[in-house]
Amino acid sequence: MKLNFNILNYLKPNFIIQSAEAEQKFRWTQLFNPEFYITLEYGGVPIGIYMVLFIVFAETGLFVGFFLPGDSLLFLSGIYAEKLANPLRFIPDYYSDVTVVALAISLAAIIGNIFGYWFGATSGRGLYNKEDGLLFKKKYLNQSQEFFEKHGGKAIVFARFLPIVRTFVPIIAGIVHMPKSKFMLYNVISSLLWSFSLVFAGHYLYALFLERFDIDLKQHIETIILLLITITTFPLVMKAIKSRNKGQDQEPTKDN
């Protein structure tokens, strides 16, 4: 009995030490950091490219991915293009890493939109009767519908550069049964524009800052993420403010 007690006393501090080390290696806040997914490894094998492609797909294909890091993920993918493309050994060497990454992300975005469109066409109307939850807010659906009605098919292109809206616009397109050929045209154009513009921007700005100003953008990831979040969410914030002010102006005034 004494021996068992001693063993427990030995295991307890070791368990605490191991738990503390695991906590240092992983923090829940990392889930909102795009760099965490890009540099992720499993058993020493880099799997960042596969995580990036899944997140891009999930943003529209699973319609609950609006909280995932989209634009900043693509920008950082350009910075880490060489690392991301490394596991894709089946790609010929004469293709540049940044082009391979941008094309792969474009394909994931196209497939995600197709899945979103299919869901909207088959089951999308049920979302209007769905209660708000942790990963779903009906107001996002309504805002996306207004955006689609205002811009028509071009909304699919514009929405690619707007967080939250890009998650629901393909679903709205499916709900209203937008012609598939027209949807695919806008889908391909928007996915290519979104992917190539952000990935190449990250890749070339990283090289520019490093060569011209001797600034390594990898050392300023948090600042880059905050800046991109501010830029991409600014139109949504302004729209919300305008809608709120418009609603207040339309409220009937009470007689004294």
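**Stop 1: a charged trio**

Start by selecting Asp-71 and Arg-166: they form a salt bridge, with their closest N and O atoms 3.3 Å apart. A salt bridge here is a side-chain nitrogen of Lys or Arg within 4 Å of a carboxyl oxygen of Asp or Glu. The two partners come from distant parts of the chain, Asp-71 in helix 4 and Arg-166 in helix 9, 95 residues apart. Helices (H or I, at least four residues) and strands (E, at least two) are DSSP runs, numbered from the N terminus.

Before going on, a word on what you're looking at: this is a predicted model, where local features need pLDDT of at least 70, side-chain atom pairs count only at pLDDT 80 or more, and totals for chains, interfaces and linings use all residues. Residues are numbered from 1 along each chain as its sequence is written, and side-chain values use heavy atoms, leaving out hydrogens and water.

Are Arg-166 and Glu-59 buried or exposed? Arg-166 is buried, with a relative accessible area of 3%, and Glu-59 is buried at 1%. Buried means under 20% relative accessible area, exposed over 50%, and partly exposed in between (1.4 Å probe, protein chains only). Asp-71 is buried as well, like Arg-166. Shared partners join Glu-59, Asp-71 and Arg-166 into one network.

**Stop 2: another salt bridge**

How many salt bridges are there by this rule? The count comes to 3. Select Lys-83 and Glu-41, which pair with their closest N and O atoms 4.0 Å apart. Lys-83 sits in helix 5 (residues 81–85) and Glu-41 in strand 1 (residues 41–42), 42 residues apart. Lys-83 is partly exposed, at 32% relative accessible area, and so is Glu-41, at 43%.

**Stop 3**

Go back to Glu-59 and select the rest of helix 3. Of its 14 residues, 10 are buried, including Gly-48, Val-52, Val-56 and Gly-61. Step into the loop between helix 3 and helix 4 and you'll find Leu-62, which is partly exposed at 32% relative accessibility.

**Stop 3: inside the core**

Next, select Val-56, Leu-76 and Ile-79, the residues with the most contacts inside the largest nonpolar core, which has 33 residues. A nonpolar core is a set of buried Ala, Val, Leu, Ile, Met, Phe, Trp, Tyr and Cys residues joined through side-chain atoms within 4.5 Å. Helix 6 gives this core its largest share, 7 residues.

**Stop 4: helix 10**

Finish with helix 10, residues 180–212. Its buried residues include Phe-183, Trp-194 and Tyr-206. Just after helix 10, Asp-214 takes a positive phi of about 55°.

Notes. Expected span 1.5 Å × (residues − 1).
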